[in-house]
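Hello,

Here is the structure you asked about. My notes on it follow below.

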Amino acid sequence: MNTLFRGLDFSPLLISLRAATLATVVTFFSGIAAASFVSAYRGKFKGLIDGILTLPLILPPTVVGFLLLLVFGKYGPLGKLLLAIGTTVIFSWPATVIAASVVAFPLMYRTVRSAFEQIDPSIVYAARTLGVSEWKIFWKVTIPLAWPGVAAGTVLAFARALGDFGATLMIGGNIPGETLTIPAAIFFAAEGGDMEKALLWVILIFIISLMVMTLMNYWSDYQRKTIAASAGNSHGIMR
Amino acid sequence: MELCVDIRKKLSGFELNLNFETSEDVLGLLGASGSGKSMTLRCIAGIETPDYGQIVLNGRILFDSQKGINLPCRRRRIGYVFQNYALFPHLTVEENIGFGIGELRRKDQKAIIKEMVTMIKLEGLEKRYPSQLSGGQQQRVALARALATKPEALLLDEPFSALDDYLRNHMVRQLTETLGKFPGAAVFVSHNMEEVYRVCRNLVILSRGIIEGKGGTKEVFKAPPSLAAAQLTGCKNISPAIYISPFELKALDWGITLKTNIKLSQDIKYVGIRAHLIGAVSDETKDNVLRCWLNFANEAPSRITLYLFIEKENPGQRGHQIEWEITPQMWRFMKIQPQPWKLWIDPEDLIIV
(Lines give C-alpha, C1' and ligand atoms only; values in the text may rest on other atoms or scores of the structure.)
Protein backbone atom coordinates (compact mmCIF):
# COMPACT_ATOMS: atom_id res chain seq x y z
CA MET A 1 0.00 0.00 0.00
CA ASN A 2 2.74 2.42 1.02
CA THR A 3 4.70 1.98 -2.12
CA LEU A 4 1.52 2.45 -4.07
CA PHE A 5 0.70 5.80 -2.46
CA ARG A 6 4.29 6.95 -2.81
CA GLY A 7 4.14 6.56 -6.53
CA LEU A 8 0.67 8.00 -6.91
CA ASP A 9 0.03 11.39 -8.45
CA PHE A 10 -2.81 12.94 -6.49
CA SER A 11 -3.64 15.59 -9.08
CA PRO A 12 -6.79 13.76 -10.37
CA LEU A 13 -8.30 14.04 -6.88
CA LEU A 14 -7.69 17.77 -6.73
CA ILE A 15 -8.90 18.29 -10.30
CA SER A 16 -12.05 16.27 -9.63
CA LEU A 17 -12.83 18.07 -6.38
CA ARG A 18 -12.19 21.46 -7.96
CA ALA A 19 -14.43 20.67 -10.93
CA ALA A 20 -17.21 19.22 -8.75
CA THR A 21 -17.14 22.05 -6.22
CA LEU A 22 -17.14 24.85 -8.78
CA ALA A 23 -19.79 23.03 -10.84
CA THR A 24 -21.95 22.71 -7.73
CA VAL A 25 -21.73 26.45 -7.13
CA VAL A 26 -22.63 27.17 -10.74
CA THR A 27 -25.56 24.74 -10.82
CA PHE A 28 -26.80 25.88 -7.40
CA PHE A 29 -27.58 29.35 -8.68
CA SER A 30 -28.42 28.52 -12.29
CA GLY A 31 -30.58 25.57 -11.20
CA ILE A 32 -32.58 27.66 -8.72
CA ALA A 33 -32.99 30.45 -11.26
CA ALA A 34 -34.14 28.06 -13.99
CA ALA A 35 -36.48 26.23 -11.58
CA SER A 36 -38.14 29.44 -10.40
CA PHE A 37 -38.50 30.64 -13.98
CA VAL A 38 -40.06 27.43 -15.28
CA SER A 39 -42.40 26.93 -12.31
CA ALA A 40 -43.70 30.50 -12.71
CA TYR A 41 -43.94 30.27 -16.51
CA ARG A 42 -47.48 29.57 -17.76
CA GLY A 43 -46.94 29.69 -21.53
CA LYS A 44 -47.25 26.90 -24.06
CA PHE A 45 -43.50 26.34 -24.38
CA LYS A 46 -43.20 25.03 -20.84
CA GLY A 47 -42.81 21.43 -21.95
CA LEU A 48 -40.19 22.34 -24.54
CA ILE A 49 -38.18 24.52 -22.15
CA ASP A 50 -38.26 21.82 -19.51
CA GLY A 51 -37.17 19.27 -22.09
CA ILE A 52 -34.18 21.34 -23.18
CA LEU A 53 -33.10 21.99 -19.59
CA THR A 54 -33.35 18.29 -18.76
CA LEU A 55 -31.61 17.07 -21.94
CA PRO A 56 -28.08 16.76 -20.46
CA LEU A 57 -29.48 14.17 -18.05
CA ILE A 58 -30.83 11.96 -20.82
CA LEU A 59 -28.25 12.37 -23.58
CA PRO A 60 -25.16 10.19 -23.53
CA PRO A 61 -22.34 12.19 -21.89
CA THR A 62 -20.30 11.92 -25.08
CA VAL A 63 -23.09 13.67 -26.95
CA VAL A 64 -23.13 16.45 -24.35
CA GLY A 65 -19.36 16.68 -24.69
CA PHE A 66 -19.60 16.82 -28.45
CA LEU A 67 -22.18 19.63 -28.30
CA LEU A 68 -19.94 21.51 -25.85
CA LEU A 69 -17.07 21.11 -28.32
CA LEU A 70 -19.25 22.68 -31.00
CA VAL A 71 -20.07 25.62 -28.73
CA PHE A 72 -16.65 26.17 -27.16
CA GLY A 73 -14.46 24.96 -30.03
CA LYS A 74 -12.40 27.24 -32.26
CA TYR A 75 -15.33 27.81 -34.60
CA GLY A 76 -18.11 27.72 -32.02
CA PRO A 77 -19.92 30.91 -31.00
CA LEU A 78 -18.48 31.03 -27.48
CA GLY A 79 -15.14 29.62 -28.60
CA LYS A 80 -14.72 32.47 -31.09
CA LEU A 81 -15.58 34.99 -28.40
CA LEU A 82 -13.00 33.52 -26.04
CA LEU A 83 -10.43 33.39 -28.80
CA ALA A 84 -11.01 37.10 -29.43
CA ILE A 85 -9.91 37.84 -25.89
CA GLY A 86 -6.97 35.56 -26.34
CA THR A 87 -7.97 32.43 -24.49
CA THR A 88 -9.59 29.06 -24.93
CA VAL A 89 -11.18 26.62 -22.52
CA ILE A 90 -10.92 23.46 -24.56
CA PHE A 91 -8.37 21.01 -23.09
CA SER A 92 -7.70 23.25 -20.09
CA TRP A 93 -8.97 22.89 -16.52
CA PRO A 94 -12.03 25.22 -16.95
CA ALA A 95 -13.30 22.63 -19.43
CA THR A 96 -13.70 20.14 -16.57
CA VAL A 97 -15.84 22.66 -14.68
CA ILE A 98 -17.99 23.42 -17.73
CA ALA A 99 -18.58 19.75 -18.50
CA ALA A 100 -19.37 18.91 -14.88
CA SER A 101 -21.75 21.91 -14.60
CA VAL A 102 -23.70 20.98 -17.69
CA VAL A 103 -24.21 17.34 -16.76
CA ALA A 104 -25.06 18.20 -13.12
CA PHE A 105 -27.44 21.06 -13.94
CA PRO A 106 -30.60 19.00 -14.72
CA LEU A 107 -30.45 17.25 -11.34
CA MET A 108 -30.39 20.55 -9.48
CA TYR A 109 -32.99 22.13 -11.74
CA ARG A 110 -35.47 19.24 -11.54
CA THR A 111 -35.17 18.64 -7.81
CA VAL A 112 -35.58 22.32 -6.96
CA ARG A 113 -38.43 22.75 -9.40
CA SER A 114 -40.43 19.93 -7.89
CA ALA A 115 -39.73 21.38 -4.43
CA PHE A 116 -41.03 24.77 -5.62
CA GLU A 117 -44.14 23.24 -7.09
CA GLN A 118 -44.99 21.44 -3.86
CA ILE A 119 -45.31 24.72 -1.98
CA ASP A 120 -48.95 25.56 -1.23
CA PRO A 121 -49.66 28.44 -3.64
CA SER A 122 -51.93 30.14 -1.11
CA ILE A 123 -48.91 30.70 1.13
CA VAL A 124 -47.29 32.68 -1.66
CA TYR A 125 -50.56 34.52 -2.37
CA ALA A 126 -50.82 35.35 1.32
CA ALA A 127 -47.36 36.88 1.20
CA ARG A 128 -48.40 38.97 -1.81
CA THR A 129 -51.52 40.32 -0.13
CA LEU A 130 -49.28 41.47 2.73
CA GLY A 131 -47.67 43.97 0.37
CA VAL A 132 -44.30 42.25 0.23
CA SER A 133 -42.04 42.39 -2.85
CA GLU A 134 -41.55 39.30 -5.03
CA TRP A 135 -37.84 39.35 -4.18
CA LYS A 136 -38.49 39.15 -0.46
CA ILE A 137 -41.14 36.46 -0.98
CA PHE A 138 -38.60 34.41 -2.92
CA TRP A 139 -35.88 34.56 -0.28
CA LYS A 140 -38.05 34.55 2.86
CA VAL A 141 -40.80 32.15 1.82
CA THR A 142 -40.08 30.13 -1.32
CA ILE A 143 -36.45 29.19 -0.65
CA PRO A 144 -36.93 28.28 3.04
CA LEU A 145 -39.99 26.16 2.22
CA ALA A 146 -38.18 24.44 -0.66
CA TRP A 147 -34.96 24.04 1.34
CA PRO A 148 -34.98 20.24 1.67
CA GLY A 149 -35.33 20.02 -2.11
CA VAL A 150 -32.61 22.60 -2.67
CA ALA A 151 -30.24 20.71 -0.38
CA ALA A 152 -30.99 17.36 -2.01
CA GLY A 153 -30.51 18.87 -5.46
CA THR A 154 -27.15 20.32 -4.41
CA VAL A 155 -25.85 16.96 -3.18
CA LEU A 156 -27.08 15.13 -6.26
CA ALA A 157 -25.47 17.76 -8.47
CA PHE A 158 -22.19 17.45 -6.61
CA ALA A 159 -22.19 13.67 -6.91
CA ARG A 160 -23.00 13.80 -10.60
CA ALA A 161 -20.33 16.45 -11.23
CA LEU A 162 -17.75 14.39 -9.39
CA GLY A 163 -18.55 11.30 -11.42
CA ASP A 164 -18.60 12.72 -14.92
CA PHE A 165 -16.42 10.96 -17.43
CA GLY A 166 -17.66 11.25 -20.99
CA ALA A 167 -18.39 14.93 -21.33
CA THR A 168 -15.23 15.91 -19.45
CA LEU A 169 -13.09 13.70 -21.65
CA MET A 170 -14.63 15.16 -24.81
CA ILE A 171 -13.82 18.80 -24.08
CA GLY A 172 -11.11 18.47 -21.44
CA GLY A 173 -9.16 15.52 -22.67
CA ASN A 174 -6.95 13.59 -20.28
CA ILE A 175 -3.99 15.86 -19.65
CA PRO A 176 -2.41 14.75 -16.35
CA GLY A 177 -2.26 17.59 -13.85
CA GLU A 178 -4.62 19.71 -15.96
CA THR A 179 -7.80 17.89 -16.97
CA LEU A 180 -7.36 14.29 -15.87
CA THR A 181 -10.14 13.61 -13.32
CA ILE A 182 -10.55 10.51 -11.14
CA PRO A 183 -13.05 8.77 -13.44
CA ALA A 184 -10.73 9.32 -16.39
CA ALA A 185 -7.72 8.21 -14.35
CA ILE A 186 -9.55 4.97 -13.52
CA PHE A 187 -10.30 4.35 -17.17
CA PHE A 188 -6.77 4.96 -18.38
CA ALA A 189 -5.19 3.04 -15.52
CA ALA A 190 -7.39 0.04 -16.18
CA GLU A 191 -6.82 0.28 -19.90
CA GLY A 192 -3.07 0.44 -19.36
CA GLY A 193 -3.27 -2.70 -17.22
CA ASP A 194 -2.48 -0.92 -13.92
CA MET A 195 -5.36 -2.51 -12.04
CA GLU A 196 -3.98 -1.65 -8.60
CA LYS A 197 -3.91 2.04 -9.41
CA ALA A 198 -7.41 1.87 -10.88
CA LEU A 199 -8.65 0.09 -7.77
CA LEU A 200 -7.13 2.72 -5.55
CA TRP A 201 -8.99 5.47 -7.36
CA VAL A 202 -12.17 3.42 -7.29
CA ILE A 203 -11.89 3.06 -3.52
CA LEU A 204 -11.22 6.77 -3.15
CA ILE A 205 -14.20 7.89 -5.20
CA PHE A 206 -16.29 5.28 -3.40
CA ILE A 207 -15.36 6.80 -0.06
CA ILE A 208 -15.99 10.38 -1.15
CA SER A 209 -19.38 9.57 -2.67
CA LEU A 210 -20.50 7.51 0.29
CA MET A 211 -19.30 10.18 2.71
CA VAL A 212 -21.21 12.92 0.96
CA MET A 213 -24.42 10.90 0.74
CA THR A 214 -24.20 9.74 4.36
CA LEU A 215 -23.53 13.23 5.66
CA MET A 216 -26.47 14.43 3.63
CA ASN A 217 -28.76 11.76 5.08
CA TYR A 218 -27.78 12.45 8.66
CA TRP A 219 -28.09 16.15 8.11
CA SER A 220 -31.57 15.94 6.59
CA ASP A 221 -32.60 13.54 9.38
CA TYR A 222 -31.33 16.04 11.90
CA GLN A 223 -33.24 18.83 10.17
CA ARG A 224 -36.42 16.81 10.09
CA LYS A 225 -36.08 16.03 13.77
CA THR A 226 -35.52 19.65 14.74
CA ILE A 227 -38.53 20.70 12.71
CA ALA A 228 -40.61 17.91 14.23
CA ALA A 229 -39.40 18.83 17.71
CA SER A 230 -40.20 22.49 17.23
CA ALA A 231 -43.51 21.53 15.67
CA GLY A 232 -44.33 19.45 18.73
CA ASN A 233 -47.46 17.41 18.87
CA SER A 234 -49.86 19.51 16.89
CA HIS A 235 -52.85 17.43 17.94
CA GLY A 236 -52.07 17.38 21.62
CA ILE A 237 -52.20 21.10 22.20
CA MET A 238 -55.64 22.59 22.42
CA ARG A 239 -56.56 26.19 22.82
CA MET B 1 -64.92 53.49 3.28
CA GLU B 2 -66.33 51.58 0.40
CA LEU B 3 -65.63 48.66 -1.85
CA CYS B 4 -67.37 48.47 -5.22
CA VAL B 5 -67.12 45.32 -7.28
CA ASP B 6 -68.52 44.89 -10.76
CA ILE B 7 -66.81 42.05 -12.56
CA ARG B 8 -67.21 39.31 -15.10
CA LYS B 9 -64.99 36.31 -15.53
CA LYS B 10 -65.41 33.15 -17.54
CA LEU B 11 -64.97 30.07 -15.37
CA SER B 12 -65.21 26.43 -16.34
CA GLY B 13 -68.92 25.67 -16.61
CA PHE B 14 -70.32 29.13 -15.94
CA GLU B 15 -69.58 32.82 -15.96
CA LEU B 16 -68.95 34.81 -12.83
CA ASN B 17 -70.98 37.97 -13.26
CA LEU B 18 -71.62 40.10 -10.25
CA ASN B 19 -71.98 43.56 -9.02
CA PHE B 20 -72.15 44.67 -5.40
CA GLU B 21 -70.83 47.28 -3.06
CA THR B 22 -70.21 47.34 0.63
CA SER B 23 -69.03 49.72 3.31
CA GLU B 24 -68.05 49.16 6.93
CA ASP B 25 -70.68 46.55 7.79
CA VAL B 26 -69.54 42.99 7.18
CA LEU B 27 -70.85 41.68 3.89
CA GLY B 28 -71.54 37.97 3.66
CA LEU B 29 -71.07 36.09 0.41
CA LEU B 30 -73.20 32.97 0.71
CA GLY B 31 -73.20 30.20 -1.87
CA ALA B 32 -72.72 26.50 -2.41
CA SER B 33 -69.18 25.28 -3.07
CA GLY B 34 -68.20 26.02 -6.64
CA SER B 35 -70.54 28.99 -6.93
CA GLY B 36 -67.70 31.46 -7.47
CA LYS B 37 -67.39 32.88 -3.95
CA SER B 38 -63.69 32.26 -3.50
CA MET B 39 -62.98 33.34 -7.06
CA THR B 40 -64.70 36.63 -6.29
CA LEU B 41 -62.41 37.21 -3.32
CA ARG B 42 -59.38 36.27 -5.40
CA CYS B 43 -60.36 38.80 -8.03
CA ILE B 44 -60.77 41.52 -5.41
CA ALA B 45 -57.39 40.69 -3.86
CA GLY B 46 -55.67 40.60 -7.25
CA ILE B 47 -54.73 36.92 -7.17
CA GLU B 48 -56.95 36.34 -10.20
CA THR B 49 -57.82 38.79 -12.96
CA PRO B 50 -61.43 39.29 -14.09
CA ASP B 51 -62.16 39.40 -17.82
CA TYR B 52 -64.16 42.62 -17.62
CA GLY B 53 -65.26 45.15 -15.08
CA GLN B 54 -64.10 47.38 -12.32
CA ILE B 55 -63.04 47.08 -8.69
CA VAL B 56 -62.82 50.29 -6.67
CA LEU B 57 -61.73 50.59 -3.06
CA ASN B 58 -62.26 53.92 -1.29
CA GLY B 59 -62.07 55.74 -4.60
CA ARG B 60 -58.88 53.94 -5.66
CA ILE B 61 -59.25 51.94 -8.86
CA LEU B 62 -57.77 48.50 -8.23
CA PHE B 63 -58.94 47.04 -11.49
CA ASP B 64 -60.53 48.51 -14.57
CA SER B 65 -60.59 46.51 -17.78
CA GLN B 66 -61.47 49.52 -19.92
CA LYS B 67 -58.75 51.78 -18.55
CA GLY B 68 -56.30 48.88 -18.49
CA ILE B 69 -55.67 49.21 -14.77
CA ASN B 70 -54.75 46.12 -12.77
CA LEU B 71 -52.90 46.84 -9.54
CA PRO B 72 -50.75 43.94 -8.35
CA CYS B 73 -51.77 42.13 -5.19
CA ARG B 74 -49.19 43.80 -3.01
CA ARG B 75 -50.35 47.32 -3.84
CA ARG B 76 -54.06 46.77 -3.24
CA ARG B 77 -53.93 47.08 0.55
CA ILE B 78 -56.40 44.26 1.02
CA GLY B 79 -56.06 41.76 3.84
CA TYR B 80 -56.91 38.15 3.06
CA VAL B 81 -57.61 35.31 5.46
CA PHE B 82 -57.31 32.05 3.53
CA GLN B 83 -59.46 29.01 4.08
CA ASN B 84 -56.48 26.96 5.29
CA TYR B 85 -54.97 30.13 6.83
CA ALA B 86 -51.80 29.80 4.69
CA LEU B 87 -49.52 30.71 7.59
CA PHE B 88 -45.78 30.59 6.96
CA PRO B 89 -44.91 27.25 8.56
CA HIS B 90 -41.23 28.11 9.02
CA LEU B 91 -41.92 31.36 10.88
CA THR B 92 -43.09 31.87 14.45
CA VAL B 93 -46.35 33.56 15.43
CA GLU B 94 -44.69 36.96 15.79
CA GLU B 95 -42.69 36.55 12.57
CA ASN B 96 -45.89 35.64 10.75
CA ILE B 97 -47.69 38.68 12.09
CA GLY B 98 -44.71 40.94 11.36
CA PHE B 99 -44.11 39.63 7.84
CA GLY B 100 -45.97 42.39 6.05
CA ILE B 101 -44.60 45.29 8.10
CA GLY B 102 -40.89 44.66 7.57
CA GLU B 103 -40.36 48.13 6.15
CA LEU B 104 -41.36 49.81 9.42
CA ARG B 105 -38.85 50.71 12.12
CA ARG B 106 -38.01 47.88 14.51
CA LYS B 107 -39.73 49.66 17.39
CA ASP B 108 -42.97 50.25 15.47
CA GLN B 109 -42.98 46.66 14.23
CA LYS B 110 -42.71 45.37 17.77
CA ALA B 111 -45.51 47.65 18.93
CA ILE B 112 -47.86 46.44 16.18
CA ILE B 113 -47.01 42.78 16.78
CA LYS B 114 -47.67 43.25 20.50
CA GLU B 115 -50.96 45.00 19.80
CA MET B 116 -52.04 42.19 17.44
CA VAL B 117 -51.00 39.40 19.79
CA THR B 118 -53.02 41.04 22.55
CA MET B 119 -56.00 41.45 20.25
CA ILE B 120 -56.04 37.76 19.36
CA LYS B 121 -55.27 36.77 22.96
CA LEU B 122 -52.18 34.73 22.16
CA GLU B 123 -49.83 36.32 24.68
CA GLY B 124 -47.06 33.90 25.57
CA LEU B 125 -47.29 31.97 22.31
CA GLU B 126 -45.32 34.46 20.20
CA LYS B 127 -42.39 32.08 19.71
CA ARG B 128 -44.48 29.10 18.65
CA TYR B 129 -44.67 27.78 15.12
CA PRO B 130 -48.04 27.44 13.35
CA SER B 131 -47.96 23.65 13.64
CA GLN B 132 -47.83 24.04 17.42
CA LEU B 133 -51.12 25.94 17.45
CA SER B 134 -54.69 24.67 17.39
CA GLY B 135 -56.91 25.43 14.40
CA GLY B 136 -58.60 28.29 16.22
CA GLN B 137 -55.28 29.84 17.19
CA GLN B 138 -54.00 29.52 13.63
CA GLN B 139 -57.07 31.30 12.36
CA ARG B 140 -56.46 34.15 14.77
CA VAL B 141 -52.83 34.43 13.70
CA ALA B 142 -53.94 34.59 10.06
CA LEU B 143 -56.37 37.36 10.97
CA ALA B 144 -53.72 39.25 12.96
CA ARG B 145 -51.20 38.89 10.14
CA ALA B 146 -53.69 40.41 7.70
CA LEU B 147 -54.71 43.24 10.07
CA ALA B 148 -51.11 44.11 11.02
CA THR B 149 -50.58 45.75 7.62
CA LYS B 150 -53.57 48.04 8.30
CA PRO B 151 -55.45 47.06 5.12
CA GLU B 152 -58.31 49.11 3.74
CA ALA B 153 -60.46 46.03 3.25
CA LEU B 154 -60.48 42.54 4.68
CA LEU B 155 -61.50 39.36 2.87
CA LEU B 156 -62.25 36.16 4.76
CA ASP B 157 -62.55 32.91 2.84
CA GLU B 158 -64.47 30.29 4.86
CA PRO B 159 -62.48 31.09 8.00
CA PHE B 160 -64.36 28.54 10.10
CA SER B 161 -64.45 25.57 7.75
CA ALA B 162 -61.27 24.04 9.17
CA LEU B 163 -62.50 24.19 12.77
CA ASP B 164 -64.45 21.60 14.66
CA ASP B 165 -67.94 22.44 15.91
CA TYR B 166 -66.84 22.93 19.48
CA LEU B 167 -64.46 25.72 18.52
CA ARG B 168 -66.61 27.21 15.83
CA ASN B 169 -69.23 28.97 17.96
CA HIS B 170 -66.58 30.47 20.16
CA MET B 171 -64.58 31.67 17.15
CA VAL B 172 -67.64 33.13 15.44
CA ARG B 173 -68.21 35.34 18.46
CA GLN B 174 -64.58 36.42 18.59
CA LEU B 175 -64.42 37.17 14.90
CA THR B 176 -67.62 39.19 15.00
CA GLU B 177 -66.08 41.25 17.78
CA THR B 178 -62.85 41.85 15.85
CA LEU B 179 -64.65 42.68 12.63
CA GLY B 180 -66.84 45.13 14.51
CA LYS B 181 -63.73 47.17 15.32
CA PHE B 182 -62.26 46.96 11.81
CA PRO B 183 -62.72 50.33 10.10
CA GLY B 184 -62.76 49.15 6.47
CA ALA B 185 -64.95 47.02 4.27
CA ALA B 186 -65.02 43.33 5.14
CA VAL B 187 -66.27 40.49 2.96
CA PHE B 188 -66.96 37.13 4.55
CA VAL B 189 -67.35 34.08 2.32
CA SER B 190 -69.11 30.98 3.55
CA HIS B 191 -71.38 28.16 2.48
CA ASN B 192 -72.75 27.96 6.01
CA MET B 193 -75.90 30.06 6.32
CA GLU B 194 -75.78 30.10 10.12
CA GLU B 195 -72.29 31.60 10.18
CA VAL B 196 -73.26 34.20 7.63
CA TYR B 197 -76.40 35.03 9.56
CA ARG B 198 -74.44 35.51 12.76
CA VAL B 199 -71.46 37.40 11.38
CA CYS B 200 -72.84 39.58 8.57
CA ARG B 201 -75.17 42.53 8.56
CA ASN B 202 -75.56 42.40 4.79
CA LEU B 203 -75.64 39.52 2.41
CA VAL B 204 -75.07 38.55 -1.20
CA ILE B 205 -76.30 35.14 -2.29
CA LEU B 206 -74.32 33.60 -5.11
CA SER B 207 -75.29 30.65 -7.27
CA ARG B 208 -73.31 29.58 -10.33
CA GLY B 209 -71.59 32.93 -10.54
CA ILE B 210 -74.76 34.99 -10.42
CA ILE B 211 -76.28 37.04 -7.61
CA GLU B 212 -79.55 35.42 -6.51
CA GLY B 213 -80.32 37.93 -3.82
CA LYS B 214 -78.76 40.73 -1.84
CA GLY B 215 -79.65 43.05 0.96
CA GLY B 216 -79.84 43.04 4.75
CA THR B 217 -79.16 39.54 6.06
CA LYS B 218 -82.34 39.35 8.14
CA GLU B 219 -84.49 40.65 5.31
CA VAL B 220 -83.03 38.24 2.76
CA PHE B 221 -83.54 35.29 5.11
CA LYS B 222 -87.09 36.44 5.80
CA ALA B 223 -88.01 36.91 2.16
CA PRO B 224 -85.52 35.29 -0.22
CA PRO B 225 -86.01 36.83 -3.66
CA SER B 226 -85.45 33.65 -5.69
CA LEU B 227 -85.69 29.88 -5.52
CA ALA B 228 -81.90 29.50 -5.24
CA ALA B 229 -81.84 32.11 -2.48
CA ALA B 230 -84.57 30.26 -0.60
CA GLN B 231 -82.63 27.01 -0.85
CA LEU B 232 -79.31 28.58 0.11
CA THR B 233 -80.82 30.26 3.15
CA GLY B 234 -81.87 26.81 4.28
CA CYS B 235 -85.51 26.50 3.25
CA LYS B 236 -86.10 22.74 3.13
CA ASN B 237 -89.72 22.66 1.97
CA ILE B 238 -90.39 24.16 -1.44
CA SER B 239 -93.30 23.44 -3.74
CA PRO B 240 -94.27 24.85 -7.12
CA ALA B 241 -97.18 27.21 -6.64
CA ILE B 242 -99.83 28.97 -8.69
CA TYR B 243 -101.77 32.15 -8.08
CA ILE B 244 -105.39 31.80 -7.08
CA SER B 245 -106.39 35.15 -5.66
CA PRO B 246 -104.50 38.17 -4.25
CA PHE B 247 -104.15 36.43 -0.88
CA GLU B 248 -104.34 32.78 -1.84
CA LEU B 249 -102.08 30.37 -3.68
CA LYS B 250 -102.09 26.68 -4.42
CA ALA B 251 -99.02 24.66 -3.44
CA LEU B 252 -99.04 22.04 -6.18
CA ASP B 253 -96.81 19.39 -4.56
CA TRP B 254 -98.54 19.66 -1.23
CA GLY B 255 -102.06 19.73 -2.67
CA ILE B 256 -103.18 22.55 -0.42
CA THR B 257 -104.40 26.11 -0.80
CA LEU B 258 -102.49 28.52 1.40
CA LYS B 259 -103.58 31.93 2.65
CA THR B 260 -100.96 34.64 2.61
CA ASN B 261 -100.41 37.92 4.43
CA ILE B 262 -98.91 39.73 1.50
CA LYS B 263 -100.58 40.58 -1.74
CA LEU B 264 -99.52 38.06 -4.37
CA SER B 265 -98.42 38.78 -7.89
CA GLN B 266 -99.85 36.70 -10.73
CA ASP B 267 -96.54 35.16 -11.69
CA ILE B 268 -95.49 33.48 -8.47
CA LYS B 269 -93.64 30.21 -9.06
CA TYR B 270 -92.80 28.62 -5.74
CA VAL B 271 -93.87 28.62 -2.14
CA GLY B 272 -91.65 27.50 0.71
CA ILE B 273 -91.75 27.00 4.45
CA ARG B 274 -88.74 26.55 6.72
CA ALA B 275 -88.66 23.23 8.51
CA HIS B 276 -88.49 24.77 12.00
CA LEU B 277 -91.33 27.24 11.44
CA ILE B 278 -94.09 24.68 11.11
CA GLY B 279 -96.43 24.32 14.09
CA ALA B 280 -98.76 21.58 15.31
CA VAL B 281 -102.46 22.32 15.90
CA SER B 282 -105.45 20.37 17.10
CA ASP B 283 -107.99 22.52 15.32
CA GLU B 284 -108.37 21.32 11.78
CA THR B 285 -110.74 24.03 10.67
CA LYS B 286 -107.99 26.64 10.65
CA ASP B 287 -106.44 27.80 7.37
CA ASN B 288 -103.10 26.49 6.13
CA VAL B 289 -103.30 23.13 7.85
CA LEU B 290 -101.62 20.03 6.41
CA ARG B 291 -102.51 16.47 7.46
CA CYS B 292 -99.32 14.43 7.71
CA TRP B 293 -98.08 10.93 8.43
CA LEU B 294 -94.70 10.29 9.95
CA ASN B 295 -92.32 8.52 7.59
CA PHE B 296 -88.97 8.74 9.29
CA ALA B 297 -87.37 10.56 12.22
CA ASN B 298 -83.75 11.64 12.26
CA GLU B 299 -82.64 12.47 15.78
CA ALA B 300 -79.82 14.85 16.65
CA PRO B 301 -79.12 15.79 20.28
CA SER B 302 -80.73 19.22 20.13
CA ARG B 303 -83.31 18.85 17.39
CA ILE B 304 -85.23 16.16 15.58
CA THR B 305 -85.86 16.21 11.84
CA LEU B 306 -89.08 14.49 10.87
CA TYR B 307 -89.86 13.45 7.33
CA LEU B 308 -93.61 13.46 6.86
CA PHE B 309 -95.94 12.41 4.08
CA ILE B 310 -98.65 14.89 3.27
CA GLU B 311 -102.07 13.26 3.03
CA LYS B 312 -103.67 13.71 -0.35
CA GLU B 313 -107.34 14.41 -1.01
CA ASN B 314 -108.39 10.92 0.11
CA PRO B 315 -107.67 10.10 3.76
CA GLY B 316 -104.70 7.78 4.11
CA GLN B 317 -103.34 8.40 0.59
CA ARG B 318 -99.74 9.52 0.85
CA GLY B 319 -98.32 12.30 -1.27
CA HIS B 320 -95.19 14.42 -1.17
CA GLN B 321 -92.86 14.56 1.74
CA ILE B 322 -92.02 17.57 3.89
CA GLU B 323 -89.40 18.15 6.56
CA TRP B 324 -90.26 19.30 10.05
CA GLU B 325 -87.67 20.26 12.60
CA ILE B 326 -88.68 20.15 16.26
CA THR B 327 -87.16 20.14 19.73
CA PRO B 328 -86.75 16.91 21.75
CA GLN B 329 -89.60 17.96 24.11
CA MET B 330 -91.90 18.51 21.18
CA TRP B 331 -90.85 15.15 19.76
CA ARG B 332 -91.78 13.37 23.02
CA PHE B 333 -95.16 15.07 22.84
CA MET B 334 -95.80 14.36 19.16
CA LYS B 335 -94.82 10.68 19.39
CA ILE B 336 -97.93 9.94 21.43
CA GLN B 337 -100.33 11.93 19.23
CA PRO B 338 -102.55 9.96 16.85
CA GLN B 339 -101.76 10.36 13.17
CA PRO B 340 -102.42 12.08 10.85
CA TRP B 341 -100.87 15.03 12.61
CA LYS B 342 -102.26 18.44 11.78
CA LEU B 343 -99.53 20.90 10.99
CA TRP B 344 -100.09 24.59 10.64
CA ILE B 345 -98.17 27.05 8.49
CA ASP B 346 -98.32 30.67 9.62
CA PRO B 347 -98.97 32.93 6.59
CA GLU B 348 -96.34 35.22 8.12
CA ASP B 349 -93.64 32.57 7.57
CA LEU B 350 -94.40 31.63 3.98
CA ILE B 351 -91.61 32.20 1.49
CA ILE B 352 -93.03 33.13 -1.88
CA VAL B 353 -90.90 33.54 -4.98
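A:Thr179 is buried, because 25 other C-beta atoms lie within 10 Å (buried means 20 or more other C-beta atoms within 10 Å of a residue's own, exposed 12 or fewer, partly exposed in between, with C-beta atoms placed from the backbone). This is a predicted model, in which local features need pLDDT of at least 70 and side-chain atom pairs count only at pLDDT 80 or more, while totals for chains, interfaces and linings use all residues. Residues are numbered from 1 along each chain as its sequence is written, and chains are lettered from A and ligands numbered from 1 in the order in which they are written.

A:Thr179 sits in the loop between helix H10 (166-172) and helix H11 (182-191) of chain A; helices are DSSP runs of H or I, at least four residues, and strands runs of E, at least two, numbered from the N terminus. Leaving out residues up to four places away in sequence, the contacts of A:Thr179 include A:Ile15, A:Phe91, A:Trp93 and A:Gly172 (contact: C-beta atoms, placed from the backbone, within 7 Å). A:Leu57 is 122 residues from A:Thr179 along the chain, with 22 Å between the C-alpha atoms.

Chain A as a whole has 12 helices and zero strands. Of its 239 residues, 36% count as buried. Among contacts in chain A with a separation of 6 or more, 76% join residues 24 or more positions apart.

In chain B, B:Met116 belongs to helix H3 (residues 106-119). B:Met116 is buried, with 24 other C-beta atoms within 10 Å, and touches B:Ile97, B:Ala144, B:Leu147 and B:Ala148, not counting residues up to four places away in sequence.

Regards

Key. Two residues are in contact if their C-beta atoms, placed from the backbone, lie within 7 Å.
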